[in-house]
Amino acid sequence: GRTADEGSHAGDWRALWQPGVLLLCLAYFSNSYGFYFLITWLPSYLEQQRGFEKGALSLFAGLPLLLSVAADLTGGIATDFMV
């Protein structure tokens with residue numbers, strides 16, 4: 001078996017500062033920020049500032065989330081095809 005000092009990098013936090021990891025963190029941050037915006041601020045903005053009724057509000061506030069599901073599925077299919 002391997003011992004702890006045979007090339008194991010467990011606990012080495014410097015490995016996280018690679019450009020790929022930082023770009024992945026940036027992508028997740030922007031995705032999470034956009035999602036948080038859609039589920040918290042957009043519905044109240046549409047209701048209070050734009051005067052949407054409950055029926056239209058539920059449709060238009062949920063539409064970006066539904067479209068993101070379709071984009072995730074088709075994006076996965078498209079990247080599989082390109083690879």
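**Entry 1: helix α1.** I began with the span of α1. Its 30 residues should span 44 Å at 1.5 Å a residue, and the end C-alpha atoms are 42 Å apart, which agrees. I note here that the model is predicted. Next I looked for a bend. I found a kink of about 40° at Trp41 in α1, shortly before the proline Pro43. Then I asked which residues of α1 are buried. They are Leu38, Leu42 and Leu46. I compared their numbers with the rule for helices. An α-helix has 3.6 residues a turn, so residues three or four places apart point the same way.

**Entry 2: helix α2.** I moved on to α2, which covers residues 54–82. This helix has 29 residues. From its first C-alpha to its last it reaches 42 Å, close to the 42 Å expected at 1.5 Å a residue. Where does α2 bend? I located the bend at Leu63, and its angle is about 40°. A proline, Pro64, follows within four residues.

**Entry 3: the whole chain.** I counted the elements. The chain has two helices and zero strands. I then checked burial. Of the 83 residues in the chain, 6% are buried. For the surface, I noted that the chain exposes about 7200 Å². Carbon and sulfur atoms supply 68% of that area.

**Entry 4: aromatic rings.** How many aromatic pairs does the structure hold? I noted four. One of them joins Trp41 and Tyr45, and this pair is stacked. I wrote down two values for the rings: 4.7 Å centre to centre, and 15° between the planes. The pair counts as stacked because planes under 30 degrees apart fall in that class. Trp41 and Tyr45 both lie in helix α1. They are four residues apart, about one turn of the helix. I looked up how open they are. Trp41 is partly exposed, with a relative accessible area of 42%. Tyr45 is partly exposed too, at 24%. I also traced a cluster: ring pairs link Phe37, Trp41 and Tyr45.

**Entry 5: across the chain from Trp41.** I stayed with Trp41 and looked at Ala61. These two are 20 residues apart in sequence. In space, their C-alpha atoms are 9.6 Å apart.

**Entry 6: the salt bridge.** I searched for charged pairs. Side chains of opposite charge can pair when their charged atoms come close. The count comes to one salt bridge. Which residue does Glu47 pair with? Its partner is Lys54, and the closest N and O atoms are 3.2 Å apart.

**Entry 7: a nonpolar patch.** Which residues make the nonpolar surface patch? They are Trp13, Leu16, Trp17 and Leu22. The patch covers about 520 Å². I picked out Trp13, which is found in the segment before α1 (19–48). Trp13 is exposed, with a relative accessible area of 63%.

Definitions and conventions: Residues are numbered from 1 along each chain as its sequence is written. This is a predicted model: local features need pLDDT of at least 70, side-chain atom pairs count only at pLDDT 80 or more; totals for chains, interfaces and linings use all residues. Side-chain values use heavy atoms; hydrogens and water are left out. The expected span of a helix is 1.5 Å times one less than its number of residues. The bend at a residue is the angle between axes fitted to the seven residues ending there and the seven starting there. A salt bridge is a side-chain nitrogen of Lys or Arg within 4 Å of a carboxyl oxygen of Asp or Glu. Patches are made of residues with over 30% relative accessible area and no salt bridge: like charges are joined within 9 Å, nonpolar side chains (Val, Leu, Ile, Met, Phe, Trp, Tyr) within 5 Å. Accessible areas come from the Shrake-Rupley method with a 1.4 Å probe; for residues, only the protein chains shown count as cover. Buried means under 20% relative accessible area, exposed over 50%, partly exposed in between (1.4 Å probe, protein chains only). Rings of Phe, Tyr and Trp (its six-membered ring) pair if their centres lie within 6.5 Å; planes under 30 degrees apart count as stacked, over 60 as edge-to-face and the rest as tilted.
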